[in-house]
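Take a look at the chain below. This report walks through its helices and the charged pairs on them.

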Amino acid sequence: MRLRRAEEIETLSYRTVVELNAESRLAPERRVAIIAGRPERAQRLAEERAGRADRRQLQRIARADRTDRPPAQPQERGVVADAR
């Protein structure tokens with residue numbers, strides 16, 4: 001049993017194995033509804049991943065813009081030379 005679970009996790013990923021096991025413990029009617037919703041859920045997750053990639057790209061561009069600017073110059077204070 002443990003070997004089979006280890007093989008499943010290695011092949012599918014831990015999260016997928018957990019979701020599949022949770023589905024298999026549901027009442028039959030509920031299981032049918034969950035399985036029927038898989039394509040929609042997969043599409044939603046794919047869109048979320050794409051959105052994250054777009055946000056990361058925008059963040060990289062913003063960081064690159066900040067590094068292109070010259071560093072801020074500290075304001076010089078009026079220093080009076082000692083006249084002695």
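## Helices and salt bridges

E48 and R44 both sit in helix 4, four residues apart, which is about one turn of the helix. Their side chains meet in a salt bridge, with 3.8 Å from N to O. How exposed are the partners? E48 is partly exposed, with a relative accessible area of 37%. R44 is also partly exposed, at 42% relative accessibility.

Now step back to the whole chain. The model is predicted. The chain has four helices and zero strands. From the N terminus on, its elements run α-α-α-α. Of its 84 residues, 2% count as buried. The chain exposes about 8,300 Å², and carbon and sulfur atoms supply 53% of that area.

How many salt bridges does the structure hold? There are four.

Start with E8 and R4. Both lie in helix 1, four residues apart, about one turn of the helix. E8 is partly exposed, with a relative accessible area of 25%. R4 is exposed, with a relative accessible area of 55%.

R38 lies in helix 4 (residues 38–68) and E23 lies in helix 2, so the pair ties together parts that are 15 residues apart in sequence. Is each partner buried or exposed? R38 counts as partly exposed, at 36% relative accessibility. E23 counts as buried, because its relative accessibility is 13% and the cut-off for buried is under 20%.

Helix 2 has another partner to consider. Two packed helices are described by the angle between their axes and the distance between the axes. The axes of helix 1 (residues 2–12) and helix 2 (residues 14–24) come within 7 Å and cross at roughly 120°. That angle makes helix 1 oblique to helix 2.

Which residues meet where helix 1 contacts helix 2? From helix 1 come R5, E8, I9 and L12. From helix 2 come Y14, T16, V17, V18, L20 and N21. By class, this contact of helix 1 with helix 2 has six nonpolar, two polar and two charged residues.

Methods
Residues numbered from 1 in each chain as written. Predicted model: local features only at pLDDT ≥ 70, side-chain atom pairs only at ≥ 80, totals over all residues. Heavy atoms only, no water. Axes fitted to C-alpha atoms, helices over the stretch in contact; angles between N-to-C directions. Helix = DSSP H or I, 4+ residues; strand = E, 2+ residues; numbered from the N terminus. Parallel < 35°, antiparallel > 145°, perpendicular 65-115°, else oblique. Contact = heavy atoms within 4.5 Å. Nonpolar A, V, L, I, M, F, W, Y, C, P; charged D, E, K, R; others polar. Buried < 20%, exposed > 50% of the residue type's maximum accessible area, 1.4 Å probe, protein only. Areas by Shrake-Rupley, 256 points an atom, 1.4 Å probe, with all protein chains shown as cover.
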